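Thanks for coming. I will walk through one chain this morning, beginning with the whole and ending with single residues. Please have the view open as I talk.

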Amino acid sequence: MTTQTQVSGAALAAVRDLIEPWNRACIERDWDALLDMCTPDVVFLPPGSPPLSGAAIRPWLEAFPEVRDMWWEVTALEAEGDLACLWGPVKQTLIVDGEKQSMHAKFCDLARRGPDGRWRFAVIIWNDNDA
């Protein structure tokens with residue numbers, strides 16, 4: 001069930017519309033497209049790593065294992081004004097040292113609407129359910 005608080009249908013759709021392009025960018029390793037979906041001051045909070053921001057993000061992405069498939073579902077989305085919080089489950093199949101590994105995780109992200117009206121991710125948080 002999706003929770004919506006003070007969020008217009010257009011804002012909800014705009015935030016949800018980031019999911020498929022994000023998945024595609026991860027699978028295709030199109031880091032330019034992925035970072036275009038983020039605010040200039042985005043912070044990544046990945047599992048097993050300190051917070052990443054600014055110039056530290058691109059090398060981290062380049063070193064990230066190959067993503068074979070990715071699925072995530074927004075089970076809750078709350079927004080007020082220009083800030084939205086969304087969370088839910090995420091699954092990935094990664095190639096690590098030539099071996100397929102499945103990751104079952106959860107995410108909680110913050111998105112912010114910019115002056116241009118576009119919603120972008122401002123904070124990316126996820127952690128592995130098995131770690």
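**The chain as a whole**

Of the 131 residues in the chain, 38% are buried. Buried here means under 20% relative accessible area, exposed means over 50%, and partly exposed is in between, with a 1.4 Å probe and protein chains only.

Before going further, some notes on the source. This is a predicted model, in which local features need pLDDT of at least 70 and side-chain atom pairs count only at pLDDT 80 or more, while totals for chains, interfaces and linings use all residues. Residues are numbered from 1 along each chain as its sequence is written, and side-chain values use heavy atoms, with hydrogens and water left out.

Now the elements. The chain has four helices and seven strands. Helices are DSSP runs of H or I with at least four residues, strands are runs of E with at least two, and both are numbered from the N terminus. Read from the N terminus, the order is α-α-α-β-β-α-β-β-β-β-β. The radius of gyration of the chain is 15 Å, close to the 14 Å that the globule rule gives for 131 residues, so the chain is as compact as a globular protein of that length. That radius is taken over C-alpha atoms, and the globule rule is 2.2 Å times the number of residues to the power 0.38. The C-alpha trace spans about 45 × 35 × 25 Å along its principal axes.

Next, contacts, meaning heavy atoms within 4.5 Å. Among the contacts in the chain with a separation of 6 or more, 52% are between residues 24 or more positions apart.

The chain has 12 positive and 20 negative charges, and their mean positions are 2 Å apart. Lys and Arg count as positive, Asp and Glu as negative, and His and the chain ends are not counted. Each charge is placed at NZ of Lys, CZ of Arg, CG of Asp or CD of Glu.

**The core**

Which residues touch the most other members of the largest nonpolar core? They are W22, L34, F44, W72, L86 and F121, in a core of 36 residues. A nonpolar core is a set of buried Ala, Val, Leu, Ile, Met, Phe, Trp, Tyr and Cys residues joined through side-chain atoms within 4.5 Å.

Take L86, in strand β5. At 0% relative accessibility, L86 counts as buried. Leaving aside neighbours within four places in sequence, L86 has contacts that include V15, W72, V74, F107, C108 and F121. C108 is 22 residues from L86 in sequence, with 5.7 Å between the two C-alpha atoms.

Q92 is buried, at 7% relative accessibility. Not counting residues up to four places away in sequence, Q92 touches F64, V67, D69, M70, Q101, S102 and M103.

A76 lies in strand β4, residues 76-80. A76 is buried as well, with a relative accessible area of 5%. The C-alpha atoms of A76 and A105 are 15 Å apart, and the two residues are 29 residues apart along the chain.

**Loops and an exposed glycine**

Most residues other than glycine have a negative phi. Two residues here have a positive one.

R29 has a phi of about 55° and is not a glycine. R29 is in the loop between α2 (19-28) and α3 (31-36). Is R29 buried, exposed or partly exposed? At 28% relative accessibility, R29 counts as partly exposed.

D97, also not a glycine, has a phi of about 50°. D97 sits in the loop between β5 and β6 (99-113), and at 77% relative accessibility D97 counts as exposed.

Last, G9 is in helix α1, residues 9-16. G9 is exposed, with a relative accessible area of 54%. G9 and V42 are 33 residues apart along the chain, and their C-alpha atoms are separated by 25 Å.

That is the tour.
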